[in-house]
Amino acid sequence: MSQAPRQLSLGAFLMATGHHVAAWRHPEVPADPLDFSVYRRSAQIAEAARFDALFVADSVAAPTDAISSHTARSVYFEPLTLLSALAAVTERIGLIGTATTSYNEPYHVARKFASLDHLSGGRAGWNLVTSDAAAEAHNFGLDAHIAHAERYARAREFHEVVSGLWDSWADDAFGRDKASGRFYDPDKLHVLDHQGEHFKVRGPLNVARSPQGRPVVVQAGSSETGRRLAAQTAEVVFTAQTSLAKAQAFYADLKGRLGAFGRSPDSLKVMPGVFVVVAHGENEAREKFEQFQELVEPAVGVALLGRMLGNFDLSGYPLDGPLPELPLTEDGQQSRQKLLTELAGAENLSLAQLGRRIAGGRGHYSLIGTPTQIADELQAWFEDGAADGFNLLVPHLPAGLEDFATLVVPELQRRGLFRREYQGRTLRDHLGLPRPGNRFF
């Protein structure tokens with residue numbers, strides 16, 4: 001029997017008002033980041049187009065500097081609350097939310113995502129991050145952000161505890177036998193009793209084993225430390241890559257690490273972020289993008305750049321000058337700092353130009369063009385060893401997502417690269433990931 005052709009995965013990265021930093025100023029964009037109807041509409045567009053999942057990022061701090069008052073990034077929904085609401089207005093699409101290991105406790109995270117998996121019928125995914133916003137520390141009794149190496153050491157143990165808690169109960173532990181009066185079989189309950197360097201957690205989890213066995217674990221770190229953690233723990237990796245060659249190198253490196261942990265290459269899906277502006281004609285697409293670019297205030301672009309480089313204040317440097325030499329960030333994403341520094345050097349960009357350059361995709365690969373042009377690029381990355389799928393960023397919501405769903409998705413389907421109908425009901429089904437066994441039973 002012939003094997004079905006490999007098909008790519010698509011995630012819809014939902015960000016308040018859209019991914020372009022100036023999207024909220026566009027006349028066609030609903031400016032309120034807490035307008036649930038925008039998220040509901042976006043989720044339903046993505047599900048109708050048969051996307052694998054919705055993805056929601058997070059930070060547990062609000063920027064309060066003067067520049068932040070010119071953006072729509074100071075208020076947004078807490079991801080688990082938002083995804084629970086979206087679970088009620090969708091049926092099949094996956095629901096991936098971010099929860100930091102730096103400013104949470106494992107029991108809380110395990111309980112919330114297991115609950116979401118039950119509520120959604122097996123559609124939950126946890127994006128495991130270590131936090132890259134230094135300001136978060138001040139909301140949790142700390143004067144400074146946890147150092148990079150320590151954050152990742154904590155994250156590894158955090159994942160160990162969460163995954164252990166998810167296996168607290170055997171799949172058939174709950175007989176709910178009214179005649180005998182026994183609700184569950186005590187022999188099918190495991191008490192974790194974890195005692196480690198960072199956590200002491202007895203367990204068990206007070207949520208039954210979830211429909212997927214365990215929610216899908218997603219990771220987004222691309223530094224050396226992040227790659228090691230991903231190879232050990234992740235089932236999906238989101239990454240920012242600026243060229244096919246760099247994406248291929250990252251893909252090969254990450255897949256090559258899996259064997260050391262007894263894993264096969266198919267056990268992890270690599271999904272680079274891609275920022276897309278699409279229209280019927282190339283000039284029309286570029287004009288659409290420029291409408292957003294014209295709304296970018298230089299100081300806002302530079303402030304975003306400083307944040308993405310690792311929480312640096314660049315306001316004292318001349319806008320027309322080069323990107324200054326900066327120390328390796330201990331607070332932020334080291335991989336993103338490297339990516340943006342290389343981009344500035346390769347294209348000889350001034351500080352203002354680099355800030356404007358990342359105003360839409362924040363360093364992710366950007367595609368602006370026709371459906372055919374965009375499908376050509378996605379197909380090349382998918383077929384040439386750079387990606388198993390893509391996490392889609394659009395400039396504005398919901399219209400930008402609708403453009404992709406109505407123009408690009410049919411072209412991918414015509415080429416046999418993307419599904420026309422869902423073949424399963426869970427996020428693992430969509431991604432082609434097996435349901436994991438319970439380590440204790």
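**Helix packing, a pocket and backbone exceptions**

Helix H1 (residues 36-48) packs against helix H2 (residues 79-87) at an angle of about 55°. Their axes lie 10 Å apart. These values come from a predicted model. Two packed helices are described by the angle between their axes and the distance between the axes. Angles under 35 degrees count as roughly parallel, and 65 to 115 as roughly perpendicular. H1 and H2 are therefore oblique to each other. Their crossing is right-handed. On the H1 side, the contact is made by Phe36, Tyr39, Arg40 and Ala43. On the H2 side, Leu82, Ala85 and Leu86 meet them. Six residues of this contact are nonpolar, none is polar and one is charged.

The second largest pocket was examined next. About 590 Å³ of space lies in this pocket. The lining of the second largest pocket is made up of 23 residues. Closest to the centre of the pocket are Arg6, Gln7, Lys269, Leu431 and Gly432. Two helices, H6 (244-257) and H13 (427-431), each supply at least two residues of the lining. H13 gives the largest share of the lining, with three residues. By residue class, the lining of the second largest pocket divides into nine nonpolar, seven polar and seven charged residues.

The backbone was then inspected for exceptions. Most residues other than glycine have a negative phi, and most peptide bonds are trans. Thr17 is not a glycine, yet its phi is positive, at about 70°. Thr17 sits in the loop between strand E1 (9-14) and H1.

Pro204 is found in the loop that runs between strand E6 (200-201) and strand E7 (216-219). Another cis bond joins Leu397 and Pro398, and here too omega is about 0°. Pro398 belongs to the loop between strand E11 (389-393) and helix H12 (399-414).

How values were computed
Residues are numbered from 1 along each chain as its sequence is written. This is a predicted model: local features need pLDDT of at least 70, side-chain atom pairs count only at pLDDT 80 or more; totals for chains, interfaces and linings use all residues. Side-chain values use heavy atoms; hydrogens and water are left out. Axes are lines fitted to C-alpha atoms, for helices over the stretch in contact, and angles run from 0 to 180 degrees between N-to-C directions. Helices (H or I, at least four residues) and strands (E, at least two) are DSSP runs, numbered from the N terminus. Angles under 35 degrees count as roughly parallel, over 145 as roughly antiparallel, 65 to 115 as roughly perpendicular and the rest as oblique. A crossing is left-handed if the near helix is turned anticlockwise from the far one by less than a right angle, and right-handed if clockwise. Contact means heavy atoms within 4.5 Å. Ala, Val, Leu, Ile, Met, Phe, Trp, Tyr, Cys and Pro count as nonpolar, Asp, Glu, Lys and Arg as charged, and the others, Gly among them, as polar. On a 1 Å grid over the protein atoms alone, a cavity is a set of points where a 1.4 Å probe fits but cannot get out, and a pocket is an open set with protein on both sides within 12 Å along at least five of seven lines; lining residues have an atom within 4 Å of a point. Grid points are joined across faces, edges and corners, and a volume is the space filled by probe spheres set on the points.
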